[in-house]
Amino acid sequence: MRFKFSILALLLEVSIIVLFGIFVEYGDHSASETLYPVFQDVHVMIFVGFGFLMTFLKKYGFSSVGINMLIAALGLQWGTLVQGFLHTKGEKIPVDIKSMINADFSTAAALISFGAVLGKTSPLQMLILTVVEVTIFAGNEYLVTEILQATDVGASMTIHAFGAYFGLAATLVLYRPGLKNKHENEESTYHSDIFAMIGTLFLWLFWPSFNSAIASETIYQLKAIVNTYYSLAACTVVTFALSSLVDQRGKFSMVLIQNATLAGGVAVGTCADMSIHPFVAMCIGSMAGIISVLGFHFLTPFLASKLNIQDTCGVHNLHGLPGILGGIAGIVVTAIKDEARQGVHFTPGMQAAALGSTIGIALVGGALTGGILKLPFLGQASDQNCFDDSVYWEVPEEEKLHEIHANNYDGPSRFEATM
């Protein structure tokens, strides 16, 4: 397997380098000084925020951060190309700070899907998923922004809902009956949850930049920052309150605090730059916190037991449901107020079409991608070796010794490299 992964990774990188040499040129750098700080924030979210958010599994921290880095590095390059091909219509692809932000955005969708299949796929499978999903993402993003002419400045629909339902469809096709009963490694420890909380804090702090990064003018960027700021704050308070309320002993759940506190940033994304009062943004954030907490508490077990959807990170509750809420908020706001950007008037009909087409394309694309990843020659890890870094990584000797003592029944087979 290691030869297949190495050959595919090198082939993809060489191909991308050649395509960059042929089609890419420097773009407009007049806005570099103003956009670069925002780009830095988004970049940190992609590599640090998403990476550490997924380190909650006790024996999968290397893969959570490491494969996240691999996906992001590949996705941002491929995203630059496929988005450029669609938007430049055969001309040279100009690269500047804004195109780099959009490339990071395309990568975010793949990282969300990675959360749904976390621990159950190989690095080889994730390379394929990244290339396919970023390509489909670019097509859907072009449909939403250029053809339907809908607005989605913070990408509630095009990134969050798309990435979540793409990943859910893929994990449904990749369903493993052997994991129906919880795997021994599919749990957290005190320290792994603290590392995951680092990812939450980075995402929480920089989310106003994420939602405002591609706003067309300074006034709209300011609105997006303010609305996201207060939506996140309201969502966090509601999440803490409900986390204690739904627990039988009245205690806080770190799973909810790590994830549901971010739902406000997702949900306010579509209408973040619109003429809504911060009060409205706080209401959206509060609703996002409610549906996210209830989703983790009630919906995730239902999806796993009844629909065979094994959503490792609960992306449906953090990205899927709040993404839909954000799309609905965009429909309502454009129905109430006249919103226009650069001569384009946004209508509730086009907003609804954007939301529906995004979810539909994500489900179909995710199912097809799951079918590709399930091909036998790709050689995914066995059920027994899921959620275990030692299958693909060199791990410290003390961790190996601890694992041998704790798992005498499967012995050294847990450490055999399958790449």
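Phe39 is buried, with a relative accessible area of 6%, where buried means under 20%, exposed over 50% and partly exposed in between, for a 1.4 Å probe and protein chains only. The model is predicted, so that local features need pLDDT of at least 70 and side-chain atom pairs pLDDT 80 or more, while totals for chains, interfaces and linings use all residues. Residues are numbered from 1 along each chain as its sequence is written, and side-chain values use heavy atoms, without hydrogens and water.

A second aromatic residue, Tyr36, is partly exposed, at 39% relative accessible area. Tyr36 and Phe39 lie three residues apart in helix H2 (residues 32–53) and are therefore separated by about one helical turn. Helices here are DSSP runs of H or I with at least four residues, and strands are runs of E with at least two, numbered from the N terminus.

Phe105 and Phe210 form a tilted aromatic pair, 4.7 Å centre to centre with 50 degrees between the planes. Rings of Phe, Tyr and Trp (its six-membered ring) pair if their centres lie within 6.5 Å; planes under 30 degrees apart count as stacked, over 60 as edge-to-face and the rest as tilted. Phe105 belongs to helix H4 (residues 97–116) and Phe210 to helix H7 (residues 190–212), 105 residues apart, and the pair thus links distant parts of the chain. Both residues, Phe105 and Phe210, are buried, and together with Trp207 they form one aromatic cluster.

Across the whole protein, the secondary structure comprises 14 helices and four strands. Buried residues account for 54% of the 419 residues.
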